[in-house]
Amino acid sequence: MSFISRKFGGQAGLGLLALLSLLLLALAIGAGVGTGELPIPLDTTYFAITNRLGWTAVPLDRIHESVIWDYRLSRALVAACCGAGLALCGAILQSLLRNPLAEPYVLGVSAGASTGAVSIIVLGLGAGTVTLSAGAFAGSLAAFLFVVLLASGARGGADRTILAGVAASQLFNALTSYIVSTSANAQQARDVMFWLLGSFGGVRWPEFQLVLVMVILGFAICLYYARALDAFAFGDDAASSLGISVSRVRVILFAVTAMMTATIVSMVGSIGFVGLVVPHAARFIVGPLHMRLLPACVAVGAIFMVLADIVSRVILPQQVLPIGVVTALIGVPFFSVILYRAKRAA
Amino acid sequence: MLAPLLSGRTRNFVALGLVSLGLMSAPAFAAPTSYPLTLDNCGVEVTFDKAPERAVALGQNSAEIMLLLGLEDRMVGTAFWPSKVLPELAEANEKVKLLTVESPSLEAILAERPDFVAAQLPILLGPDSKVAKREDLSNLDIGNYLSPGVCGTRQDTGDAYGSRESLWNMDLLYQEIDELSQIFDVADRGQEVIAQFKAREAALRARVAGSDTDPSFVFWFSSPSPQDDAYLGGKNGASGFIADLLGGHNAITTEAEWPTVSWEGIVATNPTVIVIASLDRDRWELDKPEAKRAFLTSDPVVSQLEAVKQGHIAVMDGQAMNPTIRTIYGAEQLADQLEAFGLIK
């Protein structure tokens, strides 16, 4: 029995929860926009946003207005989308693969992204016309296709897919190491590391538009298959006996998660922990049914990532801590509490 | 290169001529900048309506060039320092706020309200940078400038990154000094700095012109541990330039900018001199020159090298092995020690 149905029960409780999470997300984004190294008065922060939305025309300091709108707001919104997307992918993969350790990078997408990025930074593929993100995206999809081919060649199945993912990760990590050790100099190796660690530093509005579209589309498709995902929990045979086209649903959902993860990885690098742990936390709050679980993952993932990004920006003066460090550092204690309480409740 | 084609005496004469040219042009008179000034900077057209008054330098080399130009009163921040500032610039550098020795955040830069940002590397300013993109600054009318030495981060452009097909030289640095001096309307000072560097380059060539020893060098930057392969300065990088300037050559012949070579491979090249880098960072034990020297003299194989037995181990500032203004300082540092070894007459 999950926490929320015990406390509230029924539709009203869920509606309340949805409202509460929207409110929390808005508060988190507000905090993200209001926090930073440049001290900006609260009213300036407010008017900077309303000015750009065309509601007001208050004369403001240009640097302040630009920092709020172009830098902090776009960054907080991208963080929310990435958190939501990664948590969603984690939940889907955990169900499809029937493995609580599955996470968005299990299909080799992150390793493929680094190979793509390294090919651009070190080998100079595309001769400057291809951006780092585009290269990483191409690498992600290459790794994913490799997994699909390998897994379907081995006649599908959850375990086979995980093994294929492991093989793809090893292969692409080896390719990355090969390129770095044969062609890179110290500075490039440093650039590659810096890029792989993950950061929201480079994102602006165009990135938000892209990731928003990807996450909304992905969310809609996953919700459409929510009942099928519930059936997967009982195994492929049980699912097909319920009239679900197992292999079709699996391929569609793998493709959707791969696209989402590839978009996120190529934009902000690989950010660990969120995709693995948020689905478990969400399951504890709303239970295992996907119609509730998926929205909960989106909400918790988004709020968590926005908060983690705030911490990464303020913890070191004048510089930014890699976001993956923060997600693990504040995520692990948070998750320990959930695990502990879940054990007591059980 | 001209020098190898000429006989020793002619080379000497040419070098002396260059020195006197350099000295003669020291009090240079360059035209004041007429604004708006438009430059092609790494394929981007940058325009300046007036000389910047609040400049931020991202990267040690950019900061040191600006300090050499005497711009400390017009600088409001610096960041990204792999090593300590040049001693003669330390006092001027005190006046400028240090944002961080690592990569700064965009907000930390903007908080200084700059009107100009100069960057040494594309990871600090460029389309793939997590610090700042050119549009971030241009949209706020903040002038920006990327070091011409690293315009392409791609291998095919061959500068500062990846392997290089021909020997690096100071030309792109001189271009950077020249352009920055124009931007700040201190072209006189810029020409003076360039002339001084050229004179120092020529003086070094003149100093070694008399000896035909053609020493071979191994430039050891650092290693994670004695068992690991060593990071060396490659043939065509700044290290190769220093070797050439001092009348010798890099014993390592790979074109990679920073090859990693096993000690067996190093022993096989049997260099005349082993140059060990002194680094300010403290990442590995072997960053320290004393640790490097201790390894060279105690390792059973490496200690049998002729260079080690003769004590031809020279210490050089590690930053000189990066293509920066510090390269010349490192070459001078090395020349003094070669003289002490009797390798320069």
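Analyst: Helices (H or I, at least four residues) and strands (E, at least two) are DSSP runs, numbered from the N terminus. On that basis, G248(B) lies in the loop between α8 (238–245) and β10 (249–250) of chain B. This is a predicted model, in which local features need pLDDT of at least 70 and side-chain atom pairs count only at pLDDT 80 or more, while totals for chains, interfaces and linings use all residues. Residues are numbered from 1 along each chain as its sequence is written, and chains are lettered from A and ligands numbered from 1 in the order in which they are written.

User: Why does G248(B) count as buried?

Analyst: A residue is buried if 20 or more other C-beta atoms, placed from the backbone, lie within 10 Å of its own, exposed if 12 or fewer, and partly exposed in between. G248(B) has 23 C-beta neighbours inside 10 Å and therefore counts as buried.

User: Which residues does G248(B) touch, not counting those up to four places away in sequence?

Analyst: Contact requires C-beta atoms, placed from the backbone, within 7 Å. By this criterion G248(B) touches D214(B), P215(B), S216(B), F217(B) and A243(B).

User: What makes α9(A) and α12(A) roughly parallel or roughly antiparallel to each other?

Analyst: Axes are lines fitted to C-alpha atoms, for helices over the stretch in contact, and angles run from 0 to 180 degrees between N-to-C directions. Angles under 35 degrees count as roughly parallel, over 145 as roughly antiparallel, 65 to 115 as roughly perpendicular and the rest as oblique. Helix α9 (residues 205–224) and helix α12 (residues 246–268) of chain A pack at about 160 degrees, with axes 10 Å apart. The pair is therefore roughly antiparallel. Contributors to the contact include L210(A) and M214(A) of α9(A), and V256(A) and M260(A) of α12(A).

User: What is the largest nonpolar core, and which element gives the largest share of it?

Analyst: A nonpolar core is a set of buried Ala, Val, Leu, Ile, Met, Phe, Trp, Tyr and Cys residues joined through C-beta atoms within 7 Å. The largest has 199 residues, and A80(A) and V117(B) are among those with the most contacts inside it. Its largest share, 20 residues, comes from helix α4 (residues 62–96) of chain A.

User: How confident is the predictor in chain B?

Analyst: pLDDT is the predictor's confidence in each residue, from 0 to 100. Chain B averages 85, and 87% of the residues score at least 70. However, pLDDT stays under 50 over residues 1–26 and residues 152–162 of chain B. Where pLDDT is low, the predicted coordinates should not be read in detail.

Notes: Two residues are in contact if their C-beta atoms, placed from the backbone, lie within 7 Å.
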